[in-house]
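Thanks for sending this one over. Here are my notes, in numbered points, to read alongside the coordinates.

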Amino acid sequence: MKKVFTFCLLLLSGIIAKAQDTDDYIAEHVEYAQGLMRDHKIPASVILAVAIHESAAGNSKIAQHLNNHFGVKGPNNSTEIRSSYRDYLNADESYSHFVEIMETREPFNNLFAKYDQYDYKGWTYGIRRCGYARSRSWASQVIGLIKKYELYQYDERPEGYEEPVYASPVHRRSRSRRTTKTYTVKSGDNLSIIAKKKGTTVKKLMQKNGMKKVNLKPGQKIKF
């Protein structure tokens, strides 16, 4: 029983230490991220959150051995690990190179005209759409880190700033599902009755279902 209790304490302390690691990581890099924000107009919250996500708050192998905090691929001179990721002299160089990528490479450089330094959601969605990550959940994960650690507090937002509202991918998928619903024809139904029930017109139903005649059969599926 004592061994089990000791193991649980060690496990719990490991979890706490891991959470503290992220806070320490933020404290270590926030000043440099803010400097980049002021010079280049990219939210410090985004810079920090992408680094936390891509480097596991500085705990990943490429962060430890290559000083690579943003998952940037390229040649390296490491004799400690074999990797397809490039190396940097230090973490600050990795941070600066991430911002350089945003400024000099298409289509990332188009984001500066679309979003200001306070719009962390716009920047995160934009970076994802430009191909920085393949995972569709990447943007929501990065935004989740910004909210969890309240990284937006480092963006120096002006008083009264209101965040732009963006439709989430979940909402777009929901709209897509609604447009493909079907109705099963019952005995006595006709297109006029179905159109009235579903708030549409006979013409639209015929076009959506590729129908040339109005005849229906019980059990037939009609898209609306």
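1. A residue counts as buried when its relative accessible area is under 20%. With a relative accessible area of 1%, Ser94 is therefore buried. This residue belongs to helix α4. Leaving aside residues up to four places away in sequence, Ser94 touches Asn67, Asn68, His69, Phe70 and Tyr88. Please keep in mind throughout that this is a predicted model.

2. Now for the overall picture. The protein chain has 10 helices and 2 strands. Reading from the N terminus, the order of elements is α-α-α-α-α-α-α-α-β-α-α-β. Of the 224 residues in the protein chain, 35% are buried. If you look at contacts between residues at least 6 apart in sequence, 53% of them join residues at least 24 apart.

3. How do α2 and α7 pack? Helix α2 spans residues 44-55 and helix α7 spans residues 138-148; their axes are 9 Å apart, at an angle of about 115 degrees. That angle makes α2 roughly perpendicular to α7. Their crossing is right-handed. On the α2 side, the contact is made by Ser45, Val46, Ala49, Val50, Ile52, His53 and Glu54, and on the α7 side by Trp138, Gln141, Val142, Leu145 and Ile146. Sorted by class, the residues of this contact are 8 nonpolar, 3 polar and 1 charged.

4. The axes of α6 and α7 come within 9 Å and cross at roughly 150 degrees. Angles over 145 degrees count as roughly antiparallel, so α6 and α7 are roughly antiparallel to each other. The crossing of α6 and α7 is right-handed. Helix α6 contributes Tyr120, Lys121, Thr124, Tyr125, Ile127 and Arg128 to the contact, while α7 contributes Trp138, Ala139, Val142, Ile143, Ile146 and Lys147. By class, the contact of α6 with α7 holds 8 nonpolar, 1 polar and 3 charged residues.

5. Which residues of α7 are buried? They are Trp138, Ala139, Val142, Ile143, Leu145 and Ile146. These residues cover an arc of only 155 degrees around the axis, and so they sit on the same side of α7. Among what covers the buried residues of α7 are α2 and α6, the latter running over 120-129. Trp138, for one, is in the α7 part of the contact with α2 and also in the α7 part of the contact with α6.

6. Finally, a loop residue. Where is Glu106? Glu106 is in the loop between α4 (91-104) and α5 (111-114). Is Glu106 buried or exposed? Its relative accessibility is 66%, so Glu106 counts as exposed. In sequence Glu106 and Cys130 are 24 residues apart, and their C-alpha atoms are 8.2 Å apart in space. Compare this with Ser94 of α4, which is buried.

Definitions and conventions. Residues are numbered from 1 along each chain as its sequence is written. This is a predicted model: local features need pLDDT of at least 70, side-chain atom pairs count only at pLDDT 80 or more; totals for chains, interfaces and linings use all residues. Side-chain values use heavy atoms; hydrogens and water are left out. Axes are lines fitted to C-alpha atoms, for helices over the stretch in contact, and angles run from 0 to 180 degrees between N-to-C directions. Helices (H or I, at least four residues) and strands (E, at least two) are DSSP runs, numbered from the N terminus. Angles under 35 degrees count as roughly parallel, over 145 as roughly antiparallel, 65 to 115 as roughly perpendicular and the rest as oblique. A crossing is left-handed if the near helix is turned anticlockwise from the far one by less than a right angle, and right-handed if clockwise. Contact means heavy atoms within 4.5 Å. Ala, Val, Leu, Ile, Met, Phe, Trp, Tyr, Cys and Pro count as nonpolar, Asp, Glu, Lys and Arg as charged, and the others, Gly among them, as polar. Buried means under 20% relative accessible area, exposed over 50%, partly exposed in between (1.4 Å probe, protein chains only). The arc is that of the directions from the helix axis to the C-beta atoms.
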